[in-house]
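The chain is shown first, and the description follows.

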Amino acid sequence: MEFSTENITRERVKTELSYPFPVTLMVALCVLVGALGWQTYRLITHEPAPVEGVVEIDMRVVQGQWQWEPDVISVPQGSAVQLSITNEDGFAHGFAIAELALDRRLPGGQTTLVEFEAALAPGEYDFFCSVFCGAGHFGQRGTLVVTEGVDTGVAPLADDRSDIPVRNRQQAIAELPFEMLDDGIKEFHLTVEEVMWDYGDGNPIYSWGYNGQLPGPDIRVVEGDRVRIHVTNKLPESTTVHWHGIDLSWEADGVPGVTMDPIKTGETYTYEFTAYPAGTRFYHTHGSHHGDEHKQMDMGLAGAFIVEPRDFDEVRPDHDVTWVLTERIQSGIFPIHGAVFPAVPPIIVREGDLVRIRMINAGSSTFHPMHLHGHQFKVVAVDGNPIPEVAQLTRNVQPILPGETYDVEFVADNPGHWLLHCHELHHAAGGMIAEVIYEDWSPPADFRLHEHH
Ligand SMILES: [Cu+2]
């Protein structure tokens, strides 16, 4: 039997025309006029889209401009948003809103539909390109305005933070406890959470901390230990943890969009790796996506990760002090291990003591030339790695760039009351000062602090 396409085509035409032509035309016209009329009405009256419906917005990435058009969009709270984004560039961009843990790829030369629910309190939020798309990355930003709308039960972002606990260093723990599992793994738990942190000046600042403290508790292990760390995210946005200076397997490196999906609010993620090599390392957020790491760091998300060499007991100094140096630039606060002078605990020494100070710059933008009065120190390790004795500099100032760590050691050989402070003096003014005080020392009887002789 022969198969005739001609017959099939005729059948279809016949079916389509089975309604009388004038009726079809009239129905079509009514629909068209109705739709046009509604659109015209909306245009004239600037009537917003119905709150309970879908908000549809056309958007484009302007070719070669690293710009969103429009770069301000307004949607009612709780509405379902459909962004139809045309990427005019020949390469990919990304569309991200951190507060929604939303991150979509926008392939070059295509129109991509990005859908989300505006489950946010009324206010303004950033949207931005989330991929390395060229020099314009940091400029490719826009504003999502969420207006009053459907009640989604989302708590307002108002300044009411009365439920967030106020804490300070005196309530902090020094080291994170662990459980030794049967297979020799050291198991730790970290919770990333909001805290009103008091740096010691009685003026708590809204912050993010590991286990509710700034910095997070020191993690202290021995070189070669297998560690398992469960990280639970209780922040209002996604986060990650990066293990800075540790030569671990790449899957545990904690980089969002590169080695893992960020840990969403309420989720727990488990990192496991071997602690190697020995030295002063640290852990810190790598953000929720490329571009907000500095923001999360500046909220306080860092802690020391000390990997002791196996023979550390043979060389253990009399004092082994760890300082995570951070910055709250907007508040003018430059803390030493979560406190500002004079709330920074002094290092209390005896004559002849060997003092090691592990200084970690966990700030995002500025350096700290740390200066010790009345003594010289040796720089014994940089970025955690030991410096051979013949190469150790004898100094009294050691600058520390963001991300660097320096271990310095000095012998307490000059009894008195001394300072060790940042010599970027705005930072010193902002609290980055500690004291070194000799235990069995007191000023001479005729010493008067407030009288000049
Ligand atoms: Cu400084």
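Glutamate 439 is partly exposed, because its relative accessibility of 40% falls between the 20% limit for buried and the 50% limit for exposed. The model is a predicted one.

**Salt bridges around arginine 350**

Glutamate 439 pairs with arginine 350 in a salt bridge, with 2.9 Å between the closest N and O atoms. This pair connects distant parts of the chain, 89 residues apart: glutamate 439 lies in the segment after β30 (433-438), and arginine 350 in the loop between β21 (347-349) and β22 (354-361). Arginine 350 is itself partly exposed, at 45% relative accessibility.

Arginine 350 also meets the side chain of aspartate 440 in a salt bridge, at 3.9 Å from N to O. Is aspartate 440 buried or exposed? Its relative accessibility is 66%, so aspartate 440 counts as exposed, the cut-off being over 50%.

Another salt bridge joins the side chains of aspartate 126 and arginine 141, with an N to O distance of 2.8 Å. Aspartate 126 belongs to strand β8 (residues 123-128) and arginine 141 to strand β9 (residues 141-147); the two residues are 15 apart in the chain. Aspartate 126 is partly exposed, with a relative accessible area of 36%, and arginine 141 is partly exposed at 31%.

| Aspartate 126 | Arginine 141 | 2.8 Å |

How many salt bridges does the structure hold? There are 16. Through shared partners, salt bridges also join Arg220, Glu308, Asp313, Arg316, Asp320, Arg356, Arg358, Asp407 and Glu409 into one network. Side chains of opposite charge can pair when their charged atoms come close.

**A four-stranded sheet**

An open sheet is built from four strands in the order β2-β1-β4-β7, with mixed pairing. Strands β2 (67-69) and β7 (111-117) are at the edges; each has a single partner strand, so one side of each has no neighbour in the sheet. From one strand to the next, the twist averages 30 degrees.

Strand β1 (residues 54-62) runs antiparallel to β2, and three bridges join them. Across this pairing, arginine 60 stands opposite glutamate 69 in β2.

Key:
Residues are numbered from 1 along each chain as its sequence is written. This is a predicted model: local features need pLDDT of at least 70, side-chain atom pairs count only at pLDDT 80 or more; totals for chains, interfaces and linings use all residues. Side-chain values use heavy atoms; hydrogens and water are left out. A salt bridge is a side-chain nitrogen of Lys or Arg within 4 Å of a carboxyl oxygen of Asp or Glu. Buried means under 20% relative accessible area, exposed over 50%, partly exposed in between (1.4 Å probe, protein chains only). Two strands pair if DSSP finds at least two bridges between them. Axes are lines fitted to C-alpha atoms, for helices over the stretch in contact, and angles run from 0 to 180 degrees between N-to-C directions.
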